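Reader: I'd like to learn how to read the features of a protein model one at a time. Could you walk me through this one?

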Amino acid sequence: MTENHPLPAYFILTFFLSCLKSGINKSKPWTGLHQQPNKLRHDPEALNLAASDYGNMVKEAPAAVLQPSSINDVVHLISYAYNNPIPFPIAARGQGHSVRGQAMAKNGVVIDMSALRRNRKTAGIAVFARRWTGELYADVGGEQLWIDVLNATLAYGVTPVSWTDYLYITVGGTLSNGGISGQSFRYGPQVSNVVEMDVVTGKGNMVTCSAKKNSELFHAVLGGLGQFGIIARARIALEPAPNRVKWVRMLYSNFSAFTKDQERLISLNGRKQASALDYLEGLVLLHHGSPDSWRSSFFPPSDHPRIISFVNQYSVVYCLEVAKYYDHHTLSTVDKELEVLLAGLDYESGFKFEKDVTYVEFLNRVRTGELKLQSKGLWDVSHPWLNLFVPKSRILDFDSGVFKDIVLKRNITKGPVLIYPMNRSKWDDRNSTVIPEEEVFYTIGFLHSSGFDERKLFDEQNEEIIEFCTKSDIQIKQYLPHYNTQTQWIHHFGSKWPTFRQRKIKFDPKLILSPGHKIFNPSPV
């Protein structure tokens with residue numbers, strides 16, 4: 001495997017210009033870039049944006065930013081880097097929603113995928129049905145936002161079934177990580193709902209792949225952290241769309257009862273099963289926080305005082321959140337179905353809350369909170385997030401050692417704390433995603449927001465949580481992982497590391513793509 005060398009900004013730009021002037025590469029696409037200089041930018045505005053992300057904790061400036069007008073510009077950039085005597089790093093940046101610099105390319109080139117969304121001359125989202133099977137799909141550009149996928153598919157009365165909680169992020173970005181939300185227990189993560197992709201590999205080759213065609217690349221890219229290719233197109237499975245959602249939250253003081261009820265509900269998980277929920281998540285409410293967070297304003301304001309009093313009584317309270325979709329066909333039965341599903345749950349009497357909202361309102365619930373924070377200047381702060389997968393067998397230990405000890409003692413947690421279970425059987429182990437070995441495991445999300453002066457405190461808490469799990473032999477896996485050494489990455493991937501490494505050698509042998517994760521820097525073991 002060839003070693004990648006970081007280059008000074010002027011050196012990379014000189015490469016591009018010399019390529020155009022000397023005729024080393026006389027292809028028309030590069031001539032097009034030369035004639036449209038705004039495609040390749042190295043001005044402070046473009047570089048500063050590409051050197052930042054949602055986390056606001058890492059700053060690594062590229063030498064240049066490519067603003068493509070078609071996927072061919074991406075193909076030719078990567079091909080040029082690959083065929084250069086000294087290859088340079090390249091990273092695709094969608095919405096910059098990473099938190100630890102994962103979409104950055106220090107002294108390399110960042111591809112601004114939002115420019116492709118703005119500039120492309122063909123439709124970025126196309127809905128169709130297979131004539132011989134009737135199966136419904138959407139062909140979606142990797143640069144497209146999930147909110148736009150939602151709106152485009154709903155125009156045809158259909159929808160994807162697996163989502164993320166926040167929709168203003170790109171399809172390529174979530175598929176490179178996994179893509180999880182409350183639907184994952186039943187429909188699997190987003191990577192389990194893709195049937196075909198077009199991928200630009202680290203060699204600059206455009207390859208169509210699926211589970212049956214170029215399957216190794218297909219499974220490598222799904223959850224592959226951008227290490228093997230840039231997703232140009234994804235074919236996503238669709239189903240008929242509901243109109244409305246019954247949305248319910250219930251509060252628990254007993255963690256064991258809370259997890260028992262969650263696990264019972266996710267055991268009903270057939271994709272076509274009528275007697276099953278469509279969504280299940282959970283929240284941890286702490287005595288020093290508000291019952292509502294920026295992610296959603298759910299609880300009636302009139303109930304806030306008694307909820308706060310209840311949380312203060314126990315210091316830590318758990319909120320079970322579920323949803324059942326319906327349309328005009330199921331309007332007359334949805335209440336009874338939900339009643340049967342929730343019968344016998346051991347939540348606190350008097351602390352069940354319900355809403356009836358549109359399907360779009362439910363899926364786009366986080367957007368309202370985002371806009372509120374933006375209006376107050378509180379969106380562009382540090383976000384020292386920690387996302388973990390925890391095996392079911394150790395979730396009680398995690399609760400006692402983390403929620404009821406570390407988090408309470410430090411008393412600094414701000415922002416939502418998520419906790420909900422998923423089923424391993426809904427994930428494809430051939431993909432690059434890494435999850436615990438047990439059939440049921442929990443996702444834990446500490447979605448901190450902090451002032452820049454407080455960030456160190458949250459990093460210290462995150463480190464203490466990880467150290468506790470290590471000492472207690474709780475076999476956690478990070479979601480949206482961040483590590484500082486390759487030894488840590490090897491431990492993270494576990495038995496998947498040899499396959500992951502071999503796939504890197506095959507599809508990106510010169511270590512060009514996604515250097516921000518620092519998995520293969522300077523060279524793999």
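This is a predicted model: local features need pLDDT of at least 70, side-chain atom pairs count only at pLDDT 80 or more; totals for chains, interfaces and linings use all residues.

Reader: Which side chain meets glutamate 45 in a salt bridge?

Author: Side chains of opposite charge can pair when their charged atoms come close. Here the partner is arginine 41, at 3.7 Å from N to O. The rule asks for a side-chain nitrogen of Lys or Arg within 4 Å of a carboxyl oxygen of Asp or Glu.

Reader: How many salt bridges does that rule give?

Author: The count comes to 38. One of them joins lysine 352 and glutamate 354, with the closest N and O atoms 3.5 Å apart. Lysine 352 is partly exposed, at 34% relative accessibility, while glutamate 354 is exposed, at 52%. Elsewhere, salt bridges with shared partners connect Asp139, Glu196, Asp198, Arg233 and Arg235 into one network.

Reader: Which residue forms a salt bridge with glutamate 143?

Author: That is arginine 120, and the closest N and O atoms lie 2.6 Å apart. This pair links distant parts of the chain, 23 residues apart: glutamate 143 sits in the loop between β6 (136–141) and α6 (146–154), and arginine 120 in the loop between α5 (113–119) and β5 (125–129). The element names follow DSSP runs, numbered from the N terminus: helices are H or I with at least four residues, strands are E with at least two. Glutamate 143 counts as buried because its relative accessibility is 1%, and arginine 120 is partly exposed at 25%.

Reader: Let's turn to sheets. What is the strand order in the open sheet of four strands?

Author: The order is β1-β2-β4-β3, and the pairing is mixed. At the edges are β1 (40–41) and β3 (90–93), each of which pairs on one side only. Two strands pair if DSSP finds at least two bridges between them. Walking across the sheet, β1 and β2 (residues 64–66) are antiparallel over two bridges, and leucine 40 has leucine 66 as its bridge partner in β2. Then β2 runs parallel to β4, joined by three bridges, with alanine 64 opposite valine 109. Four bridges join β3 to β4, also in parallel, and there alanine 91 stands opposite valine 110.

Reader: Which way do the side chains of β4 point?

Author: In a regular strand the side chains alternate between the two faces of the sheet. In β4 (residues 109–112), Val109 and Ile111 point one way and Val110 and Asp112 the other, and all are buried.

Reader: And how many residues of β11 are buried?

Author: Eight of the nine residues in β11 (residues 244–252) are buried, so the strand is mostly covered. β11 pairs antiparallel with β13 (residues 316–326) over nine bridges, where methionine 250 has leucine 320 as its partner. With β14 (residues 352–358) the pairing is antiparallel over seven bridges, and arginine 244 stands opposite threonine 358.

Reader: What about helices: at what angle do α15 and α16 pack?

Author: Two packed helices are described by the angle between their axes and the distance between the axes. For α15 (residues 395–410) and α16 (residues 455–471) the angle is about 155° and the axes are 11 Å apart, which makes them roughly antiparallel. Axes are lines fitted to C-alpha atoms, for helices over the stretch in contact, with angles from 0 to 180 degrees between N-to-C directions. Under 35 degrees counts as roughly parallel, over 145 as roughly antiparallel, 65 to 115 as roughly perpendicular, and the rest as oblique.

Reader: Which residues does threonine 443 touch?

Author: Contact means heavy atoms within 4.5 Å. Leaving out residues up to four places away in sequence, threonine 443 touches Ile180, Leu388, Phe389, Leu418, Ile419, Tyr420 and Met422. Threonine 443 belongs to strand β17 (residues 440–446) and is buried, with a relative accessible area of 4%.

Key:
Residues are numbered from 1 along each chain as its sequence is written. Side-chain values use heavy atoms; hydrogens and water are left out. Buried means under 20% relative accessible area, exposed over 50%, partly exposed in between (1.4 Å probe, protein chains only).
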